[in-house]
Amino acid sequence: MSSSGELHKRRLSAVAKGVGSVVSAYVDHAAGGTLTDVDGREWIDFASGIAVTSVGNSAPRVVEAVRAQVERFTHTCFMVAPYESYVAVCEQLIALTPGSFEKRAALFNSGAEAVENAVKIARHATGRPAVVVFDHAYHGRTNLTMALTAKNMPYKHRFGPFAPEVYRAPMSYPLRDGGLSGAEAARRAIDVIEKQVGGSNVAAVLIEPIQGEGGFVVPAPGFLPAIAAWARANGAVFVADEIQTGFARTGQWFASEHEAVEPDLITTAKGMGGGLPIAGVAGRAELMDAVHAGGLGGTYGGNPVACAAALAAVETIRELDLCAAAQRIETAIRGALSDLDPGVAELRGRGAMMAIELVLPGGTEPDPTRTAAVSKTCHDAGLLTLTCGTYGNVLRFLPPLVISDEHLGRGLGILRDALRT
Ligand SMILES: *Cc1c(COP(=O)(O)O)cnc(C)c1O
């Protein structure tokens, strides 16, 4: 087998530069909390492939379900010849997402595709054009979702022109908005929407209940319910992008539940498929069913192998009670990182979606240099961590929900050492 060094050389002459990697070690195999590279080195996994392998890599039920499905059939296209597992995944989405109203669901391949389809559905159902998104938002890399995403570098730079009728409102970001209450921050956002867009033009208000790439920003309590209530009062569709927060990541099946918000539509992907690519939109039946037959779909959407994996992932989350596991991970992270230096402005997040924001001591000036250095020190010590944030100064922790106490503790030890040096 080739070494990481050799593979890296091959990569340089084969893989486009625009596709980056966090580390230069190449993976040989992975489990529930560790990756082992081709040079035989074990890494502790605080990334989960960006919040995807919540049930662990090659989780036993997922492997078994995928193997059985691959032997039966690999693809028919649900739009050509349908199959049970697609229906079953939609049933699970309907049952698991918050909201006791009648729902429908549809399946896609990626998070960005789910977001695009939620916008299509909202526009079609309302007959309105405008989509409201928030500062620091991340919704994907396709043309429409680039427009919905806030940050220029690296996501949007020189990739325009972007889709029209996208409007950005201020987010509730307690560390950086002077500590506005949820209600005050919502009032500020609603003022912008009403003055600059007009309530009757808004098809959808799209928001991550906890922002992902934008910095694991947890809005002040009351912000999400107030925005959702405004959307309802104005006939706009409230869409929760739960692609990163969904499927037990934050200690509930969906992060909207922490504030008892019932979104009209929810987008899901990442943790949904146990490592296989699958995404969904679920929500109010009258919105989902408003679209004419043939208006939604795609060749691979709800591929049978991915559906089998998703059903096995849901079963795993349920049987191992991974919502409770995420809560235990939060407690462990809060315990280990409670007494940090003044350069750590905030430890925030929910469940196994936690982060620290690094600043220059004495203020809130972002410190992306230290963030990158701490991250590199972690990597050198065998802990896979990710950074995020509009200012590149947030270290985020997304361990698999099945990580052992031992690996979690070792990872947190490496992190504490890295922060001290
Ligand atoms: C990752 C992510 C997306 C995009 O998902 P892809 O599968 O990469 O297209 C959209 N929204 C949020 C909140 C995400 O975290």
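Serine 58 sits in the loop between α2 (48-51) and α3 (60-72); helices (H or I, at least four residues) and strands (E, at least two) are DSSP runs, numbered from the N terminus. Although serine 58 is not a glycine, its phi is positive, at about 50 degrees.

The model is predicted: local features need pLDDT of at least 70, side-chain atom pairs count only at pLDDT 80 or more, and totals for chains, interfaces and linings use all residues. Residues are numbered from 1 along each chain as its sequence is written, and side-chain values use heavy atoms, with hydrogens and water left out.

**Cis peptide bonds**

The loop between α6 (143-148) and β6 (166-169) holds proline 154, and proline 161 is also placed in the loop between α6 and β6. The bond from methionine 153 to proline 154 is cis, with omega near 0 degrees. Glycine 160 and proline 161 are likewise joined by a cis peptide bond, with omega about 5 degrees.

**Ligand site**

Around the ligand are Ser110, Gly111, Ala112, Tyr138, His139, Glu208, Asp241, Ile243, Gln244 and Lys270, where a residue counts as near if one of its heavy atoms lies within 4 Å. This shell has 3 nonpolar, 4 polar and 3 charged residues; Ala, Val, Leu, Ile, Met, Phe, Trp, Tyr, Cys and Pro count as nonpolar, Asp, Glu, Lys and Arg as charged, and the others, Gly among them, as polar. Polar contacts, pairs of N or O atoms within 3.5 Å, are tabulated here.

| Protein atom | Ligand atom | Distance |
|---|---|---|
| Glycine 111, polar backbone atom | oxygen | 2.7 Å |
| Tyrosine 138, backbone N or O atom | nitrogen | 3.4 Å |
| Aspartate 241, polar side-chain atom | nitrogen | 2.7 Å |

The protein buries 82% of the 380 Å² that the ligand exposes when taken alone (Shrake-Rupley method, 1.4 Å probe).

**Helix pair α4 and α10**

The axes of α4 (residues 84-96) and α10 (residues 304-319) come within 9 Å and cross at roughly 35 degrees; axes are lines fitted to C-alpha atoms over the stretch in contact, with angles from 0 to 180 degrees between N-to-C directions. The crossing of α4 and α10 is left-handed, that is, the near helix is turned anticlockwise from the far one by less than a right angle. In contact (heavy atoms within 4.5 Å) are Ser85, Tyr86, Ala88, Val89, Gln92 and Leu96 of α4 with Pro304, Cys307, Ala310, Leu311, Val314 and Arg318 of α10. By class, this contact has 9 nonpolar, 2 polar and 1 charged residues.

How values were computed: A polar contact is a pair of N or O atoms within 3.5 Å; within protein, one must be able to donate a hydrogen and the other to accept it, and residues adjacent in sequence count only if both atoms are side-chain atoms.
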